[in-house]
Amino acid sequence: MSAGRHRMRSGFHGAAAAAAVGVLVVTAGGWVGYRQLAGPDCAGKIELSVAVSTELAPAVDAAATEWEENGAAVDGTCIDVTVAAADAVEVAAVVAAKHGATLAGVGQASGTAVSPDVWIPDSSTWLLRLQTGGAAAFAPGNGASIASSPVVVAMPEPRAEQLGWPHEEIGWTELLTRVNSDRPLKTGIVEPTRDAAGLSGLLSLMTAASSAGGATAEQDRIGALRALASGASALRQDLLAKFPTASDATTLASALGAAALSEENVIRYNAKKPPVPLAALYLKPSPLPLDYPYAVLPGIEPAKASAARVLFEALTTPSFKDRLAAQGLRGPDGNWGSGFEPPQGAPSPASGDSSAAPPPQGGIAAGGLAPDAVERAVSSWSIATLSGRMLCIIDVSGSMKKAVPTANGATRQQVTAEAARRGLNLFDDSWSIGLWVFSTNLDGARDYREVVPTGPLSRQRSSLERSLDTITSSSGDTGLYDTLLAAYRNVQQNWEPGKVNSIVLFTDGKNEDADGVSQRQLLAELKRIKDPDQPIQVIIIGIGTEVSKAELDTIAQSAGGGAFIAADPTKIGDIFLRAIALRKAPA
């Protein structure tokens, strides 16, 4: 791993122009390699900007140099290539902003950053997250893997030896047991919303918890999430600094005991000859590897797209695998080139070991990974690591009695309550949550009724669970506007600093209270009382096909939030998690 963070630069071309052909420009934040990839006789110039994950950038730059020395060109036109080392999360923020996507945990793009022509992140999960995060039209070209690195569980060698390493096979289920034991293994992770190896490890651990089955499966999954969250780091170098610096029992007991990292991270760490080397544990089933997709971003000029296709060919030659080996990386097929020094116990595809299997052809995103699984993992993580104060409001109008064909006949009311209950399990005791229900004339002339006042889960979790179990539909209509306005005032009066203050409202209809405020009056009043110093995020989840998305969008955006539609009510749970995860942390 690199010594520092590398951020995508705002001026790829400007940095390149400052260097002579073949010169490497070194800066405090990273390096930018520039190559004119053609001979002196070519005409014109195509400028191609390439953002590459930091650990892969030297190999890409070296291949570009070789291409230049061979006098390559595209239809007689020179190609000026800027290769910039860039953290995938930084580029993802830029691309998300450009294509209208929202990625939980990624944050806002730098105001000076620009989108590259070609992006080689460390994992196709970034491309998948962009597509499921709202960039429906985001369709990058190519996407084939040009390198790979298995995701492993890095563990101090003395601890790994206690588990039987390197002779005994260890699985995710065994690791999960140790994480959730009375004397838990001290685990860590780089924020999975910002790190592909961390996300891969989280997916594997959650899958192990789900596949274990039984009455404790959900409890085990949540326990693992919270254990990882307690040892999370925003930066990879911060996580690595938590590993033991001495081999005595006291240091080993207090230091980090396990973390999901890439094989390349372990190779780089051990190359520095630390006091306690790391063992790379290749757990079964194998986690998603880092697959380094070659993504030609949509919207670039045809000439640049042609240049990008030729550059890809230079990155798929047999000699490129040897360049990867020098960086501690494998080829896209999972095999390694000359000079690669694998960690002890590292499997090779040549041996037929499935734990070294290459990424799917065309990258992870093309290999059948369920987008819902990634979204669910990211959302669950975001909820587990971000405290908040939330008022949950559930529609109990007569239409909520309608049966859901895809839910074995359960009603909309039952499906919604179950989604809220499952979400409640993810919130730790630092959260404060309240519960209202609404219809029309539900409490005298009022359309809403407080079921559980907003308060710490540490003292009212059981009350909320019982209340969700006993919610029943009324015979009334949908008193949406009066309810939302009253809820907004309630949350505003009890606003709590340092937390995300939010309202989450579930409804399957549109406002039907002719005696209440109109939409115009609602929007005007929300605008009048809205306080930028005390932000409230309003999330409205529409259920079924009868809701008016335009109406919900207008209200939610005016209040400061967003609307989500669950056309299939059985998807309410996933949409609820995603909506909560996209809330912005307080400044």
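I start with β17, α19 and β18, which make a right-handed β-α-β unit; right-handed means that, with the strands pointing away from the viewer, the path from the first strand over the helix to the second runs clockwise. Helices (H or I, at least four residues) and strands (E, at least two) are DSSP runs, numbered from the N terminus.

This is a predicted model, where local features need pLDDT of at least 70, side-chain atom pairs count only at pLDDT 80 or more, and totals for chains, interfaces and linings use all residues. Residues are numbered from 1 along each chain as its sequence is written, and side-chain values use heavy atoms, with hydrogens and water left out.

Now the sheet. It is open, has six strands in the order β15-β14-β13-β16-β17-β18, and its pairing is mixed; two strands pair if DSSP finds at least two bridges between them. β15 (446–456) and β18 (561–566) are the edge strands with a single partner each, so one side of each has no neighbour in the sheet.

β16 (residues 500–507) and β17 (residues 537–543) pair in the parallel sense over six bridges. Across that pair, F506 stands opposite I541 and V504 stands opposite I539. To get from β16 to β17 the chain passes through helix α18 (residues 519–529), and this β-α-β crossover is right-handed.

On the other pairing, β17 and β18 are also joined in the parallel sense over six bridges, and V538 has G561 in β18 as its bridge partner. Helix α19 (residues 549–559) packs on the sheet and touches β16, β17 and β18, contact being heavy atoms within 4.5 Å.

Is β17 buried or exposed? Seven of its seven residues are buried, that is, under 20% relative accessible area with a 1.4 Å probe, protein chains only. In a regular strand the side chains alternate between the two faces of the sheet. Here Q537, I539, I541 and I543 lie on one side, V538, I540 and G542 on the other, and both faces are covered.

Last, a pocket. Which element gives the most to the lining? Helix α15 does, with six residues.

Conventions:
Axes fitted to C-alpha atoms, helices over the stretch in contact; angles between N-to-C directions. Buried < 20%, exposed > 50% of the residue type's maximum accessible area, 1.4 Å probe, protein only.
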